[in-house]
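Please look at the sequence and the model before reading the points below.

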Amino acid sequence: TGWSTTGKNTTAAGNYLTMGVENSSVEAIWVKNKHNLTIENTYTCDVSNIELEYEDTYTLCTPTRDGYTFMGWSDTSQIDGLLFTMDDSDVTLSAIWQINDYDYIVKHYIQSVDKTSYSLKETNTYNAEFNTTQEALVHTYDGFTSPSAQNVTITSSTNLVEYHYERNDYTLTIDAKDRKS
């Protein structure tokens, strides 16, 4: 951005050098270019635009997002671990995410003979992507009325559906007619 001079009456301004009355030296004064680092899709890191000089370093955060795994950054050419080194141009980094799968559990309870309680008959575990809606499978058991199907939206915490199957009532009629032995 300019010149530094030594020597009596030696000056430099713009593209002109005025030589003084003795031996002189002229040295260029350089200022590093400044550029913007833009960071997108972090969800949890409190940064967006950072101004850095060429070859400056910046420590990136490791972002988190419910239901997703952070896979890295969109451009890794200037990143070593979490250390970013500014190139001689503006840079945009975008976090890359992979959606997670989570289990959901379906428990099937059948009603007792006296109809005062339920006991666990069967447990099934299924797997689905985060934030999707799944219809939990209803079973059919002889002698029981199946409940209506329920939907479960998959979260990163416990995903549980419980079905209660009511015992059917049957009438038994015994015809005890007069029989002669």
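The structure is a predicted model, in which local features need pLDDT of at least 70, side-chain atom pairs count only at pLDDT 80 or more, and totals for chains, interfaces and linings use all residues. Residues are numbered from 1 along each chain as its sequence is written, and side-chain values use heavy atoms, with hydrogens and water left out. The protein chain contains zero helices and 17 strands. Helices (H or I, at least four residues) and strands (E, at least two) are DSSP runs, numbered from the N terminus.

**Overall form**

- The C-alpha trace of the protein chain spans about 150 × 20 × 20 Å along its principal axes.
- The radius of gyration of the protein chain is 38 Å, whereas a compact globule of 181 residues would have a value near 16 Å. This radius is taken over C-alpha atoms, and the globule rule is 2.2 Å times the number of residues to the power 0.38.
- Of the 181 residues in the protein chain, 25% are buried. Buried means under 20% relative accessible area, exposed means over 50%, and partly exposed lies in between (1.4 Å probe, protein chains only).
- The protein chain exposes about 12700 Å², and carbon and sulfur atoms supply 45% of this area. Accessible areas come from the Shrake-Rupley method with a 1.4 Å probe; for residues, only the protein chains shown count as cover.
- Among contacts (heavy atoms within 4.5 Å) between residues at least 6 apart in sequence, 47% join residues at least 24 apart.

**The four-stranded sheet**

- Four strands form an open sheet with mixed pairing, in the order S13-S12-S17-S15. The edge strands are S13 (118-129) and S15, each of which pairs on one side only. Two strands pair if DSSP finds at least two bridges between them.
- Strand S12 (residues 101-111) and strand S17 (residues 160-167) run parallel and are joined by six bridges. In S17, Tyr-163 is the bridge partner of His-108, and Leu-160 is the bridge partner of Ile-105.
- Strand S15 (residues 144-145) runs antiparallel to S17, with two bridges between them. Phe-144 has Arg-167 in S17 as its bridge partner.

**The three-stranded sheet**

- Three strands form an open sheet in the order S7-S10-S9, with antiparallel pairing. Strand S7 (57-59) and S9 each have a single partner strand, so one side of each is left without a neighbour in the sheet.
- Two bridges join S9 to strand S10 (residues 83-85), and Ile-79 stands opposite Phe-84 in S10.

**A buried loop residue**

- Gln-78 lies in the loop between strand S8 (68-73) and strand S9 (79-80).
- Gln-78 is buried, with a relative accessible area of 13%.
- Leaving aside residues up to four places away in sequence, Gln-78 touches Leu-83, Phe-84, Thr-85, Met-86, Asp-87 and Val-91.

**A nonpolar surface patch**

- Trp-3, Leu-17 and Val-26 make a nonpolar surface patch of about 290 Å². Patches are made of residues with over 30% relative accessible area and no salt bridge; like charges are joined within 9 Å, and nonpolar side chains (Val, Leu, Ile, Met, Phe, Trp, Tyr) within 5 Å. A salt bridge is a side-chain nitrogen of Lys or Arg within 4 Å of a carboxyl oxygen of Asp or Glu.
- Val-26 belongs to strand S4 (residues 25-29) and is partly exposed, with a relative accessible area of 38%.
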